[in-house]
Amino acid sequence: MENQFKTISKTLFSLINKDEVLTVSLTGEKSQFIRLNNAKIRQTGLVNDTDINLKMISNGTTCTGSFTLSGNDSFDLGRAKSEIERMRTESSQILKDPYVTMPSESGSSHEIKRSNGLSFENAVDAIMPSIQGVDFVGILSNGRMFRGNANSLGQEHWFETESFSLDYSLVAKNHQMVKGTFAGTDWNQNNFEQYLDQSKKKLKMMELNPVKIDTGNYKTWFEPAAVSDFINMFSWNGISEASIQQGCSGFGRMRNENIKLSAKFSISEDFSLGLVPKFNSNGEVSVERVPIISSGELKNTLVSSRTASEYGQVSNYAEPSEHLRSPSMAPGELNQNDILNEIDRGLYLSNIHYLNWSDNPKGRITGLTRYACFWVESGEIVGPIDTMRFDDSFYNYFGDSLLQVGKETEFIPSTSTYGNREMGGTTCPGILADSFALTL
Amino acid sequence: MRDKINLKSLLDAVNVPADWVGIREVYESNTPRMIRDGIPVSNGHYSTHGVMVEVLVNGQFGYFGTPDISKKGIEEASNKAYFQAKAASKYALHRFTDEVRPKSAGKYSSEFEKDLRDISAKDINIMLLDACNALKVSDKIVSASSLANVIETNFHFVSSNGSDVVQDFLMLEFDLSATAVDGANQQTRTFGGMRGTCRQTGREFLDNIEILAQANKIGNQAIELLSADETPTGEMDIVIAPDQMMLQIHESIGHALEVDRILGDERNYAGWSFVKLEDFGKMQYGSKHMNITFDPTVSSEFASYAFDDGGLKAEREYLIKDGLLVRGLGGKESQVRSGLEGVANFRASSWNRAPIDRMANINLEPGESSFDEIIGSVEKGIYVESNRSWSIDDYRNKFQFGCEYGKMIENGKLTKTIKNPNYRGISNPFWNSLKMVGNGDTYGIYGTPNCGKGEPNQVIRVGHASPLCLFENIQVFGGA
C-alpha cells in the first residue's frame with residue numbers, strides 16, 4: 001500500500017506546473033466485519049477500501065478531489081490525471097480565496113505498527129464459543145488501517161496500524177443491557193474471556209428489579225464512557241476556533257465572558273499515546289500535547305491553518321474540521337472503591353446515548369441514559385433505572401457542580417465505521433457531579 | 001467519470017461452490033460547492049467506485065467489498081467471501097435461501113428536465129456568492145453560507161439467478177444559512193433545517209426557487225430571532241411545519257418500524273424499538289388522522305428508486321392507515337425472519353457496506369385542513385419551523401427536538417416570533433395527539449442526507465414529505 005501511494009504521488013507531483021502546489025493523502029483499510037445478534041452471526045464480510053484525496057492550490061484557489069484506489073496502477077494513474085486536469089480547469093473558473101493556505105515542508109514521518117492481531121481466518125473460532133449462552137449483540141471490526149500524506153514541496157508521512165474492536169452489548173431477559181468494548185492491537189484469548197466474564201457479572205446486576213425515578217436534579221456519577229461522550233460533543237460546535245468566530249460554539253461563554261469551568265477539569269489534545277497520526281490531512285504535524293482547558297480555564301482552541309489565516313490566529317495544526325483527534329482528560333483523586341459512598345443517594349450512569357446540543361450557546365446538551373445505569377441509596381446500588389432523558393449544561397457538570405474526578409482514566413476506543421474505520425479514542429476518568437437534570 | 005464495467009461477464013470469474021452469487025457495483029460522485037462569508041470554502045469532486053461480491057453458502061451470506069473490478073479481483077473477492085460465509089455458517093443467525101435475492105431486471109433513472117451537471121463551476125460559484133451576499137442583511141449576521149452539492153450515483157446489480165438491475169440517480173442538496181449574534185444571543189436560520197432541502201432533481205429546481213428572496217428572508221429571520229421572546233414553558237398545542245415534520249416522522253416512525261431493529265440487530269448501536277412483531281395489525285400508532293406511506297415512487301423525492309439493493313421491486317405501501325400500524329420496514333431478509341409483510345427497503349450506503357433495512361421515502365399523507373383552519377383552531381400554542389436539534393432514546397420512545405424559528409399562536413392567530421422553540425414527548429402518545437393534518441397546499445417535500453445506522457456504520461439518504469400538522473397538549477420550552 002505504501003509503495004502504491006509513493007508511486008502515484010510522485011508521478012502526480014511530476015505532472016503539476018510550477019505555479020501549482022499539490023497535496024496527496026491516502027485513507028485505507030483492509031477490514032473484516034462480523035456482525036452478531038443473539039450470539040449468532042447476522043452478517044460477515046471483508047472490505048478493502050482506499051481513497052486518494054487531492055488538494056491543488058493554484059491561481060489563488062483551492063480545489064479538492066478524491067477517487068478510489070483500485071490497485072491497478074495505470075488505471076489509478078488515469079483517474080488521478082483526470083482529477084488534476086479537472087482541478088486545473090476549475091481553478092480558472094471559481095472564485096479566488098484570499099485565505100488560501102499553502103502547505104509547508106515541516107518534516108516527514110514514517111510509522112508502521114506491527115502487532116499480533118486476530119487473523120481473519122481465526123476470528124469466528126476465537127469469539128463464537130465464548131459468547132454462547134448469553135444474548136450477545138455487536139460487531140467485530142478487525143484489520144489494518146493506512147494513512148498517508150505527501151505534498152509537492154517534498155513532505156511525506158506514512159502511518160499504518162492494525163487493530164481489532166469487539167464492540168458489544170449483553171442483554172438480560174428484562175431487556176436491560178451491559179456495554180463492552182474489547183479492543184486493542186494484540187489479541188489475547190485469555191484477556192478476551194476475562195473481559196467478557198466481567199461483562200457477564202455486570203449483567204447479573206441488571207437482573208435486579210428496575211427502579212422508577214422521577215424527573216429532577218440528582219447527584220450523579222458518570223463512568224468514563226459517559227464522560228467520553230460529553231467530551232466528543234466538544235468536537236461539534238465547541239472547541240473549533242472557526243465555530244467560535246462564526247457564532248456557533250458552546251465555548252463562546254468561556255472566550256467572551258471569561259466563564260471558567262471547575263478547577264478540577266483539565267483536558268488536552270494528546271498524541272503521546274500514538275494511536276493516531278500526528279500529521280493532519282494537510283500533512284501538518286501537531287506538537288505532542290496541546291492544552292485545551294487547564295484547571296477549568298480555556299487555554300487553547302483547535303486552530304487549523306486556514307482559520308488562523310482568516311481570523312488572525314496562530315495555527316496549532318488542527319484538522320480543517322477542528323475536531324479533537326486524541327483527547328485526554330486529566331484524572332482526579334476519587335478512588336474507584338469510594339464512588340458509591342460518595343454518591344450516597346443518586347445516579348450511577350455507565351453510558352449515555354444520542355447527545356445533541358439543546359442550547360448550544362449556553363452549553364446545554366440533551367441525551368438519554370443507556371445500558372448499566374443504576375439508582376444508588378445509602379451508598380449501595382438498588383437497581384437499574386428505566387431510560388431517562390437529561391438536558392443540562394456542561395458549564396454545570398464540568399463547572400460548579402463538578403464534585404470529584406476519578407483517579408483512574410480509561411481509554412475509550414472510537415468504534416465509528418462511517419465511511420471507514422476510525423482510529424484512536426478518548427482517554428478520560430469518570431466524574432461525580434452534585435446535580436444533573438433529568439427531564440423526561 | 002465512471003469507468004464502464006461489463007458486470008455480467010465478471011460473474012463468470014466467480015469460481016466457488018456457492019448457492020447464490022451477486023455482484024453489486026456502485027459509482028458515486030459528490031460535487032459540493034460552498035461559499036461562506038463571501039469566500040469559497042469548498043470546490044470539490046469526491047468519487048467512490050467499487051463492487052460488493054456476495055455469496056450464499058450453507059444458508060449464510062458472506063461478502064467482500066473491493067475496488068478491484070478486474071476478473072482477478074472478482075475471483076479473489078468471491079473466494080474470500082466464500083470463506084467468510086462458510087466459517088460463519090455454523091453460527092448462522094438464520095439460514096437463508098436465494099428467495100431473499102429475487103430475480104429481477106429493470107432500469108431506473110432520476111427524473112429531471114435540465115441536467116445539473118451542465119452548470120459550470122463558475123456559474124455555481126457566482127450563484128452561491130449572490131445568495132451568500134443576500135443572506136447578510138445586517139452587520140449582526142456574523143456568518144452566512146450557501147451550499148450546493150450535486151450527487152450522481154450509478155448502481156448495477158447482477159446475480160447468478162438472473163438479476164440485472166441498473167439505476168442512475170441525480171440528486172441535489174441545497175442550503176442557505178445565516179447566523180446572527182448580539183452579545184451572548186446566537187441564532188441560526190437555514191433553508192429547511194439540517195440540510196433538509198434535498199431532492200432527486202435537475203437544474204430546474206435551482207431555477208424555480210427564488211434563491212435571493214429566500215436568502216433575504218432567512219437573513220432577516222435570523223435578525224428577527226435576536227430580539228424575539230423566549231419560547232414559553234408549558235403544555236400547549238403545537239403546529240409543526242413540514243420541514244420539522246420531516247424529522248419527527250424520521251425519528252419516531254421510520255426508525256421504530258425498521259424490522260431489523262425489532263429483531264434486535266441494532267441493539268448494540270442504534271437501538272431496539274418500542275414496536276414488537278405482534279403489534280403489526282393491532283397497534284393504534286397514532287390518531288385516525290395519521291396515514292403513513294413507504295413511497296419510493298415520488299419522482300422528485302430524495303430516496304426514490306425502482307428496486308432495493310437485494311433486487312426487490314419497490315412499491316408504495318401503507319405502513320400506518322388511519323392510525324393503525326399495518327406494515328413494517330422490512331426487506332426480504334427481515335420478511336423471512338419475522339414472517340411479516342414488508343417493503344423493498346434493503347439498502348446499503350455504498351459498495352463497501354452490506355444492505356440492511358433502511359427507510360426510503362416515508363411520508364405523511366395530506367389531510368383536509370387548510371393552513372388557516374389549523375392555526376385558527378388553536379387557542380394557545382406555538383408554530384415551529386426547521387429542525388436544529390434532535391435526540392431520541394434507543395427504543396424510539398422519549399424524543400426531544402429543537403427548532404430554529406417559532407411563532408406564538410393566540411386565539412387562532414399567529415402573533416409574535418419566539419426563539420429557541422423546543423418540544424419533547426413519547427412517540428406513541430405523541431402521535432395519538434395528532435389533531436389536524438394539513439391539505440396538499442401545506443405539503444412539503446424534504447429529506448436528510450445523513451441517516452446513520454448499522455454495524456459497520458452506514459449513512460444513507462432518505463426522503464420525508466408531510467403537510468402541516470397540529471398536535472395537542474405537548475410539552476414545549478425554550479432556551480436555558
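User: Hi! Into which domains is chain A divided?
Analyst: Chain A has domain 1 (2-205) and domain 2 (216-438), with bounds that come from an automatic or database domain assignment. This is a predicted model, where local features need pLDDT of at least 70, side-chain atom pairs count only at pLDDT 80 or more, and totals for chains, interfaces and linings use all residues. Residues are numbered from 1 along each chain as its sequence is written, while chains are lettered from A and ligands numbered from 1 in the order in which they are written.

User: How many residues does the contact take from each of those two domains?
Analyst: Domain 1 of chain A gives 32 residues and domain 2 of chain A gives 23 residues; two residues are in contact if their C-beta atoms, placed from the backbone, lie within 7 Å. The C-alpha centres of these two domains of chain A lie 25 Å apart.

User: And what classes of residue are on the domain 1 side?
Analyst: The side of domain 1 of chain A that touches domain 2 of chain A has eight nonpolar, 18 polar and six charged residues. Ala, Val, Leu, Ile, Met, Phe, Trp, Tyr, Cys and Pro count as nonpolar, Asp, Glu, Lys and Arg as charged, and the others, Gly among them, as polar.

User: Switching to chain B, how far apart are its domain centres?
Analyst: The C-alpha centres of domain 1 and domain 2 of chain B lie 21 Å apart. There, 44 residues of domain 1 of chain B are in contact with 36 residues of domain 2 of chain B.

User: Back to chain A: why does Gly367(A) count as buried?
Analyst: Gly367(A) counts as buried because it has 23 C-beta neighbours inside 10 Å. A residue is buried if 20 or more other C-beta atoms lie within 10 Å of its own, exposed if 12 or fewer, and partly exposed in between, with C-beta atoms placed from the backbone.

User: Where is Gly367(A), and what does it touch?
Analyst: Gly367(A) is in strand E14 (residues 364-377) of chain A. Helices (H or I, at least four residues) and strands (E, at least two) are DSSP runs, numbered from the N terminus. Not counting residues up to four places away in sequence, Gly367(A) touches residues including Tyr354(A), Phe390(A) and Ser391(B).
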